[in-house]
Amino acid sequence: MSVELKMDFIEEYNNPDSPGYKTLSRNITVLLEQQYRKLDGFFSVSVTKFRKGSVVTDFTVKVKSGSLDATALNSVNSNLPAALTSIAPVIGSVTAKYYSSTQLGSDVNKFIYTGQTMTLTCDPTEAKMGNSKNPVWKFNNVVIGSHRHKPFISGSQYKLAVENVILGDAGNYECSVPGDTITFIQDRNVGTNEIRSAPNVRVQQTMLAKCNEGQKQPVVCCVQSPYTVRWYDGSTLLTSVAGADTGCIKYEYPMQSCSVQTKLFTCKVAEDETYSATTTLTIFTDPIVCDNDVYGSGRTGDKATAMCPVGLEGHKSAVCQASGEWKLVEDSCIVTKINELLINSVDLKEEEIQVFSTNLSKVVTEEEGGISKSSATISAIVNILNIIAEVSKVVTKDVMKNVLATVDVLISDDAKDSWNFLNSNETQNSSSALLGSMETISNKLDGNFTLSSRRIQMGRSKFSNSFSDALTSNVSINLQNTGLSDVFITTIVFSTLHNIMPSRNSSFNLTASDTTSNETKPDNAINAAVLLVKLNENIRNVTLSYQKFNTTLELNPQCVFWNFSLLDNLGAWDDQGCRFVSDINDTVTCTCNHLTSFSILMSTAIPEELRLLLDIMTYIGVGISMISLVICLIIEGIVWRPLTKNSTAFMRHVAIVNTALSLLIADICFIIGAAISKNPAENPGEDYKVPVGPCSAATFFMHFFYLAMFFWMLVSSLLLLYRSVLVFSQMSKWTMFAIGLTVGYVCPLIIAVTTVAATAPGGGYVREDLACWLNWTKTKALLALVIPALAIVVFNILVILVVLYKMLRRRSTGNQAQADEKNALLVILRCVAVLTPLFGLTWCLGIGTMVDPTNGGIHVAFAFFNSLQGFFILVFGTLFDAKIRSLVLRQVPALSSTSNRTRSTSAGTSSSRAENIINRIFRRRGVYHVSQVPNTSSNTDSSQSYSSI
């Protein structure tokens, strides 16, 4: 009981050993004893302590159990103020509490399993307190809520039903029943030994097996220690053996007949058979479509379940796809300890948050491996964090530390697959809910402090007017001239939140997600850390800078924030109020006019749905190109001697041979570079950084020989210009050859070496990852190929126009030598006129893929033209020449002959027919005629003579 005295409270009253405390206690005790000895069964009275509030005196009156009369006690209490006036006036009335010597009643017999209901009984009749009000129930001195704890009245007794009992329900329960003059109090301590974890029976609820008579199908059941389980077929106990894992048993079901389609088995706990689980085995004879160790075998459309790992309860379900893969459709496997915390969080009170958050972070850290692989557990933890955010009024540093430790586990790389499953489900918004809980909690922080974990950096500080800070090595923030004074700003950098946040924006179609996998594949990627900024004031301008994660993504950077209301409150990235400023040295700078959770989205370089097609086109095209180039070189070897009689024809074939040879070597270097580098499609999850040394070598030779191909085309156009404009100028064959070598190889070599010298020392010669090729983002080294190539294309087009103009104005002559020269020029003109636009178009399309990277048509066209350049050289540079076709058709049969015999008439007729067929295919007008002359030599290798082109 307690009584308040109107007197000054001095410090001595806090110390029971002080003279002032002892004197006041002795004086009050004498007066109390005089009053309360009138009660029946009185035993003793004593002062327990003094409290502030004038002087509040707490004292205890002991009486014999069951002898207390509330009416008599009320009479004594009403006389007490008058009795204490000699010490000090009494403020108010005496407060009386009756502590029962008996415990709360309980229906627990020795122990109770988790998940069951525990009922406690409070009986105030022993206090004879007369009228009473509804009781106040407390658990560990905290008033109990009404979600799992259901109070009710049964006669004169007050009861509390604790539903869905968890291990955390062990503790002290108190029932406080207020009456007119006295409050009855009764309690009970529920020990940890009174609540036991219920048996968690784990089986494959639905199994499928291909029928094979005489074969045995294992059926497994597991339970945690200290329980054991047994298999039953109906009421028949089945003989089982120990399974591979601890606590597991295995029954081998013999397939005696394929006519049996389903079998039902029940696994029961030996210690309490009310705990059991069933397995339905479906036997089929159709071909197996899906088969793995988790779900077993099945047909298209079959649904199977899998056991949860040890320490988790629930099940996983998957459906067999026509592709042969099991697609996860349901995952209710949840870590048992987290499930108990989720149940407990429903009645969470603010005063419990400190202890609760500590327990949460401890369990999450201990169970990190199981949590990251369980989408249901992750979803449960997100729900818990939301409850913490809603219940908390002020979040302390210790609570925030526990929250960050918990979230750190959720956003780990190992949890990515679980988040993919959650984000692919239209009814789930766990990732948005997690970010929302962090924003709510950050609004309730108190004090200045910084915290960090493996994947999160958090800071809270005060600033006036301006704030600028490099929050991490990858993220910085700048607020200038805000006009604010002494305001708190909270920043949280999540370095791996891109693992859990979907990259969808407001235009993303959820229904278009992949139906055969659990990943959503929008055209954007989150390419930076996620930054949460909170300030309890309005901000008109904030500058944010991010270091890009994937430096190969350079396209359409979007400065975005997470908008929780988009897509029917599922949430998506939004760019409203944010503006892109720059992308320099892989650092993206943005400005926004509000504060929330920010990041950047970037478009993927190639549309996802086209990547496989483009890879196939490239590999097949390069193969065809290389084969075509080899054929081109072989043909040139066959026709070299008879078709290189004059200097013009000689240089025309030299240019073709070197163009083909340069492209062939460049293609070989391309294959070597592709083998050196790694790409995400072939090496998922690996490091895509290229080895700088080998990759630089491959890139140098690719650069050099691609340039050489273009410069040899320049040689062809220069020859054409020289023969058309300087008609009467005569230059020797070998002088022209020397000039050709200088232009064709020395010029490309100078450009290639200069590029290496200018960019390699700073590490900007080749790309850093994914492919061996010239760098673009850091040094623009790629321009050392693009500019010369396009310049040559433009020059060649101008040469074609000049030559056509000259040829149209010049009269034909009957001189055979001039006719041969003119024919050679026509062949060169035709070759340059066709190949220049083709190669120019190819590289223009290459630039187009950089300007508009998500345009599928441009990617397909570029892959087609680029990979078939060798084929174009063979067709338009070689086979379109009628004389080459004629020579090849005449020479090839002779090469296969084992003797130097003269062709027969029938062979000549056949060759002539073949030539006519090819001519009709290419449909050329003005075909060169090949004249046969009598054999003037005994050497059969020169039994025919041809025009000298």
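Predicted model: local features only at pLDDT ≥ 70, side-chain atom pairs only at ≥ 80, totals over all residues.
## A pair of strands to start with

Zoom out and you get an open sheet of four strands, in the order S16-S18-S22-S21, with antiparallel pairing. Strands S16 (202-203) and S21 (241-242) stand at the edges with a single partner strand each, so one side of each has no neighbour in the sheet. What holds such strands together? Strands of a sheet pair through backbone hydrogen bonds.

S21 joins S22 through two bridges, and the two run antiparallel. Val-241, for instance, has Lys-250 in S22 as its bridge partner. S21 and S22 form a hairpin with five residues between the strands, and there Gly-247 takes a positive phi near 85 degrees.

## A cis bond in a loop

Now look at the loop between S18 and strand S19 (229-233), where you'll find Pro-226. The peptide bond from Ser-225 to Pro-226 is cis, with omega near 10 degrees.

## Two asparagines with positive phi

Asn-465 isn't a glycine, yet its phi is positive, near 70 degrees. You'll spot Asn-465 in the loop between strand S33 (456-463) and strand S34 (467-470). Asn-465 counts as partly exposed, at 32% relative accessibility.

Asn-585 also isn't a glycine, and has a positive phi of about 55 degrees. Its loop runs between strand S42 (578-584) and strand S43 (587-592). Is Asn-585 buried or exposed? With a relative accessible area of 57%, Asn-585 is exposed, because the cut-off for that is over 50%.

Key: Residues numbered from 1 in each chain as written. Heavy atoms only, no water. Pairing = 2+ DSSP bridges. Buried < 20%, exposed > 50% of the residue type's maximum accessible area, 1.4 Å probe, protein only.
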